[in-house]
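Me: I've got a structure open and I'd like to learn how to read it feature by feature. Can you walk me through it?

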Amino acid sequence: DGLIIEWFVDEKFADILQDSPLISKIHKVPISKIKKERSLKLSLKTIKYLRSLPKYDMVIDMQGLLKSALVLSFLNKKTSVGFGRRSAKEWLASLFYDKKIEIPYSEHIIKRNKKILSTALDVEIAFEDIINQKPFISFSNDAKNRAESLIEKSSKKNIALFIEASKDSKIYPIERFIELANMFEENLYIIYHQKEEDAKRLENSSHARLLPKMSMDELKATISMMDLLIGGDSGPTHLAWASGVASITIFGVTPMERFCIGSEKNRCISAKNLGVETIKDIDPNIIYKNAREILHG
């Protein structure tokens, strides 16, 4: 018998998982909204909803954060599993689990997730099988049609440049992106979320084409049409891997050893490993060389 999987996720990230054939139901929890608005009414409404759900055989917290552990605590369940005190990102979270899994926090994120899932479900999961698994990101037909209208049909390769990240230390400077873009003869597309001024500057300084702001559904469909995506340690570059699309992830101070999902077509470049101080010091020629190897062997 197969597992019935329901996923609890902050509502602002829920669309990443939308349409996945592997998930039976997605529960959108307004965690960020509650934190931002400090709303007692919304908090009580969310707790009431969580407590109203049917009893689960098992609830697994793969984050190890206090906020995810609190969500778990309000669910009806036979048992709960999470990271132990020495393994959770926030040790207080470990107080909420029946079964606690220990694995060093410094281990690769996929190895940590593999450990907690394989132990909780009593199944063997090979690290290589996760890295090399088939694409598992899905999107709607409307998003597919929208993406097809944006991407040029030609014999050239399609490359997306994602110019943003959650922290400044993860952002490859736009001046460097301009240098990089002007090395390519392929079709280049610029994906952005907030930094419109930088995106337009890149467009005006190269032959890269600026794509309009997109919904998450449209972004997933657009990424699936790319031959390569280049960007910092951010959502879209990780989405590329999950979509079976080649990628180059540029790391600054973030430890590449913990977050790089590496394969022949999914490569990581780190300032630390190159012996330079920050992400801005990474030579665009190194990125270009890796891109050429991925695209043309």
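This is a predicted model: local features need pLDDT of at least 70, side-chain atom pairs count only at pLDDT 80 or more; totals for chains, interfaces and linings use all residues.

Me: Where does L121 sit, and how is its accessibility classed?

Reply: L121 is in helix 5. Its relative accessibility is 35%, so L121 counts as partly exposed. Patch members need over 30% relative accessible area.

Me: Which residues form the positive surface patch?

Reply: That patch is made by K12, K35, K67, K89 and K167. Take K67 as the example: K67 belongs to helix 4, which covers residues 66-73. With a relative accessible area of 40%, K67 is partly exposed.

Me: On to charge pairs. How many salt bridges are there?

Reply: The general idea comes first. Side chains of opposite charge can pair when their charged atoms come close. In this model the count comes to 12 salt bridges. One of them is between K78 and D57, with 3.1 Å from N to O. That pair links distant parts of the chain, 21 residues apart: K78 is in the loop between helix 4 and strand 4 (80-83), while D57 is in the loop between helix 3 (40-52) and strand 3 (59-60).

Me: Are K78 and D57 buried or exposed?

Reply: K78 has 59% relative accessibility, so K78 counts as exposed. D57 counts as exposed too, at 54%. The cut-off to remember is that exposed means over 50%.

Me: What about the salt bridge between D233 and K170: how far apart are the closest N and O atoms?

Reply: For D233 and K170, those atoms are 3.5 Å apart.

Me: Which residue does R267 pair with in a salt bridge?

Reply: R267 meets E293, with an N to O distance of 2.5 Å. The two come from distant parts of the chain, 26 residues apart: R267 is in strand 11 (residues 266-270) and E293 is in helix 14 (residues 284-296). Salt bridges that share partners join E264, R267, K289 and E293 into one network.

Me: And how are R267 and E293 classed by accessibility?

Reply: R267 has a relative accessible area of 15%, so R267 is buried. E293 is partly exposed, at 30%. Buried means under 20%.

Me: Now the cysteines. Which ones are joined by a disulfide?

Reply: A quick reminder first: a disulfide is a covalent bond between the sulfur atoms of two cysteines. This structure holds 1 disulfide, and it joins C260 to C268, with 2.1 Å from S to S. The link of C260 and C268 is right-handed, with 95° about the S-S bond.

Me: Are C260 and C268 buried or exposed?

Reply: C260 and C268 are both buried.

Me: Let's look at the backbone. Which value does phi of R38 take?

Reply: Phi of R38 is near 50°, a positive value in a residue other than glycine. R38 lies in the loop between helix 2 (31-37) and helix 3. R38 is exposed, with a relative accessible area of 76%.

Me: What about phi of D122?

Reply: Phi of D122 is near 60°, again a positive value in a residue other than glycine. Look for D122 in the loop between helix 5 (109-121) and helix 6 (127-131). D122 has a relative accessible area of 71% and is exposed.

Me: One last residue. Where is G252, and is G252 buried or exposed?

Reply: G252 is in the loop between strand 10 (247-251) and helix 12 (256-259). Its relative accessibility is 5%, so G252 counts as buried. For a reading across the fold, compare sequence and space: G252 and N273 are 21 residues apart in sequence and 9.7 Å apart in space, C-alpha to C-alpha.

Definitions and conventions:
Residues are numbered from 1 along each chain as its sequence is written. Side-chain values use heavy atoms; hydrogens and water are left out. Patches are made of residues with over 30% relative accessible area and no salt bridge: like charges are joined within 9 Å, nonpolar side chains (Val, Leu, Ile, Met, Phe, Trp, Tyr) within 5 Å. Accessible areas come from the Shrake-Rupley method with a 1.4 Å probe; for residues, only the protein chains shown count as cover. A salt bridge is a side-chain nitrogen of Lys or Arg within 4 Å of a carboxyl oxygen of Asp or Glu. Lys and Arg count as positive and Asp and Glu as negative; His and the chain ends are not counted. The place of a charge is taken as NZ of Lys, CZ of Arg, CG of Asp or CD of Glu. Helices (H or I, at least four residues) and strands (E, at least two) are DSSP runs, numbered from the N terminus. Buried means under 20% relative accessible area, exposed over 50%, partly exposed in between (1.4 Å probe, protein chains only). A disulfide is a pair of cysteine sulfur atoms within 2.5 Å.
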